[in-house]
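Subject: The structure to look at

Hi,

Here is the structure I promised to pass on.

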Amino acid sequence: AAQKLIGTKGVQAILGGICSSETLGMAPIVNEKKVVLVSPGSSSPLITTDGGPYVSRLYPSDALAGKAAARYALNEFQAKSAAIISENTDYAKGLSSVFTETFKQFGGVIIMHETYNTGVTDFRTQALKIKNAGVDVVYAVPQTDAAGISILKALRNQGIKTRILTGEVLISPAVVKANAELLEGVIGFEPSFDGAAPAAKAFATTYQETYQEELSWPFIQSSSYSIIYLFKQLMEENRQTGEQLKGALDTLKDWTGGAMSGVSLDANGDLMWKAFSVKVGRSGESVTAESLDVE
């Protein structure tokens, strides 16, 4: 798709992808052709190291989200041991590897790490292993909510009462509402987003009026919306080529537009962000329990 956009359409800027695998797949192409790529939702730490100079993102790295989950397990639950079940995708690998590194750094032990390929729906074997391991916390990292729900069902069917931690996929309001009993007490970590800010609120209101539904992923959807306004502004400032756009992104600081404000990028093109929300499933709602600052 990136080759077609660049080779046939001659584009100088691309919005996307959402999944880290998409962005990493396009990275060699956009860097070779000097076309900027700004992702609204790719979070793998590999994008920092392997994305290249023409890749940026308006979403925090999992290097921060994984730390938030590990530190929370250690500090709030005094967890000494953990089991991880994660999908074989760049997103899930990023979260699980950072969680492992941080958990071990502060004295925790990863008793087991079960991985699965995309498309797997039966997690009874993994759940039994986790039950027998007797760990203090379980860190479940699916790529999609469908797989995550299957994992939770398997864990619940085994009668596992251990605290379950996860990423942003399973803790979105829509997923929690549709699976209230399964997600009761499950704790997720996602970048904090001020939906009450005027621009963000206006976007959310218009979205709801247009599609008769609330934002499922407020940060990612607001980021997608805002990137269009970022490209628009830069091009109106006569930054027309990929190289010119890259130069502007390299020095982007405290930009406000679309539904976002105070947007700054670091030398790697990463969104400078440290605020994360601890979300808990309670009676069919995704409730913010507290906020964390992660360096």
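This is a predicted model: local features need pLDDT of at least 70, side-chain atom pairs count only at pLDDT 80 or more; totals for chains, interfaces and linings use all residues.

Residues are numbered from 1 along each chain as its sequence is written, and side-chain values use heavy atoms, with hydrogens and water left out.

There are eight salt bridges (a side-chain nitrogen of Lys or Arg within 4 Å of a carboxyl oxygen of Asp or Glu). One of them joins Lys34 to Glu243, with the closest N and O atoms 3.7 Å apart. That pair links distant parts of the chain, 209 residues apart: Lys34 sits in the loop between helix H2 (20–33) and strand E2 (36–39), and Glu243 in helix H12 (residues 242–250). Helices (H or I, at least four residues) and strands (E, at least two) are DSSP runs, numbered from the N terminus.

Helix H12 also holds Lys246 and Asp250, which are four residues apart and so separated by about one helical turn. They form a salt bridge too, the closest N and O atoms being 2.6 Å apart.

Another bridge pairs Arg124 with Asp122, also at 2.6 Å between the closest N and O atoms. Arg124 is exposed at 59% relative accessibility, while Asp122 is partly exposed at 38%. (Buried means under 20% relative accessible area, exposed over 50%, partly exposed in between, with a 1.4 Å probe and protein chains only.)

Finally, Leu15, in strand E1 (residues 13–15), is partly exposed at 33%.

Cheers
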